[in-house]
Amino acid sequence: MFRYLPWAREGLFVFLRLVLAVGLMEGVRSGYFAGLLPFYAPEHLGLGPAAFTLAFTFHQLSENLSKTFGGLLAERVGFGKTVSLAAFAGFLTLLLTPMAHAAWLLWVLAVLWGLSMSTLYPGLMTLASRIAVPGREARALSFTLTLVMPWVGIGLVGVGQVAQKEPEAALTLLMVAQGVVLLLALSLFPFRIPIPKAVREPYPYKRLLFFLPAAFGQTFAPALVSLFILRLAKEELALEPIALGGLLLLGGALALGLLPLTGRQVDRKGYRFALVGGLFLLGVVMVWLAFTPSFMELILLVLLAGVGYSLFLPGWNGFLAKNLPQENRAAIWGGLMTVEGLGIALGPAVGGLLWEAFGLRAPLLTGSAVFFLLSLFYAVLFWRMRWN
């Protein structure tokens, strides 16, 4: 079965253990901030919603704004060491949470945990690109993300179910899970990301500027509607939350199911069509949503969104894998992830201003414009300039 995998067999066991460690940490994080604290903080810490939601904001900012440095540490100091540090910081945060009766202490713990986790994704994606089978780089990067991200939902739902009845039991569950992560991380402590041989030809670093529009826009556009998607669905589309969840599940399942096919096409034919076409389809979906589609049209839009995302994800990852420099790759990847994080942070605020000024459709129309402009920008870029 190894010949069908996008990662080289050599080092695969270590890589999958790292994927599991990062995935479990994501599950613990989502379970802690979204599943546990809404029930635990008011009752056991005497902290209101503003305090524990700010803890999450500070955590995200500290992680995303330090990913460039975090990527540098992952590659230079050793990825096994930085993963172990992140696992220990998470365990320490959980251990000290019952003592965080002052909001500032909860915020400090959240910031320290976020700083430690800034090394994880730059390191993991760099490692995935380094051990990818030649010609399968887009699939290697895309499948790496799809193995990690489901843990976010697992942690949220699993811990939330326990926390709403027994918050203390939920905290104990998180500590056990993080303890497992810490043991797993310590078993990987000596691991270092392999460094390729230095290339003689200097890399044109000004080329990195061309990655920034997609890095920011891909998160900024959907974030414009992320915080009021439920209200949008209820008021504009007449959808109850359970119906919206079913549609999102359908789109996500289609995107995941198509990923082996689209990833193979990207690896064989190149990333250009997938990247440009995926952005264009996502723009179509957002602009169509703004004009109150019928339920049957919604199903079609969900399918289009699934196809669009299944094209964009390997297209974007193929674009990065082929064109990022090998030297200091983790630090550069971390910088791009910081830009992505800024899109997530700024999108809801801009979306709220647009909603208040122009109505609920304005964020959707703005998001579609972002996707269309990105599609046009990269179509022109690939046509006018030579890219690998």
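**Close-up 1. Helix 4 and helix 5 packed against each other in a predicted model.** Helix 4 (residues 79-96) packs with helix 5 at an angle of about 165 degrees, and their axes lie 8 Å apart; axes are lines fitted to C-alpha atoms, for helices over the stretch in contact, and angles run from 0 to 180 degrees between N-to-C directions. That makes helix 4 roughly antiparallel to helix 5, a term used for angles over 145 degrees, while those under 35 count as roughly parallel, 65 to 115 as roughly perpendicular and the rest as oblique. The crossing of these two helices is left-handed, meaning that the near helix is turned anticlockwise from the far one by less than a right angle, whereas clockwise would be right-handed. Helices are DSSP runs (H or I, at least four residues) and are numbered from the N terminus. The structure is a predicted model, in which local features need pLDDT of at least 70, side-chain atom pairs count only at pLDDT 80 or more, and totals for chains, interfaces and linings use all residues. Residues are numbered from 1 along each chain as its sequence is written, and side-chain values use heavy atoms, with hydrogens and water left out.

**Close-up 2. The buried side of helix 5.** Helix 5 (residues 103-117) has 15 residues and reaches 21 Å from its first C-alpha to its last, close to the 21 Å expected at 1.5 Å a residue, where the expected span is 1.5 Å times one less than the number of residues. Leu106, Leu109, Ala110, Trp113, Gly114, Ser116 and Met117 of helix 5 are buried (under 20% relative accessible area, with exposed over 50% and partly exposed in between, for a 1.4 Å probe and protein chains only). These residues cover an arc of only 160 degrees around the axis, which puts them on the same side of helix 5; the arc is that of the directions from the helix axis to the C-beta atoms.

**Close-up 3. Helix 13 beside helix 14.** Helix 13 (residues 272-289) and helix 14 (residues 295-323) have axes 7 Å apart and pack at an angle of about 150 degrees, and they are therefore roughly antiparallel to each other. Helix 13 passes helix 14 in a left-handed crossing.

**Close-up 4. Ala369 in helix 16.** Ala369 belongs to helix 16 (residues 361-384) and, at 33% relative accessibility, counts as partly exposed. Although 86 residues separate Ala369 and Gly283 in sequence, they are 6.8 Å apart in space, C-alpha to C-alpha.
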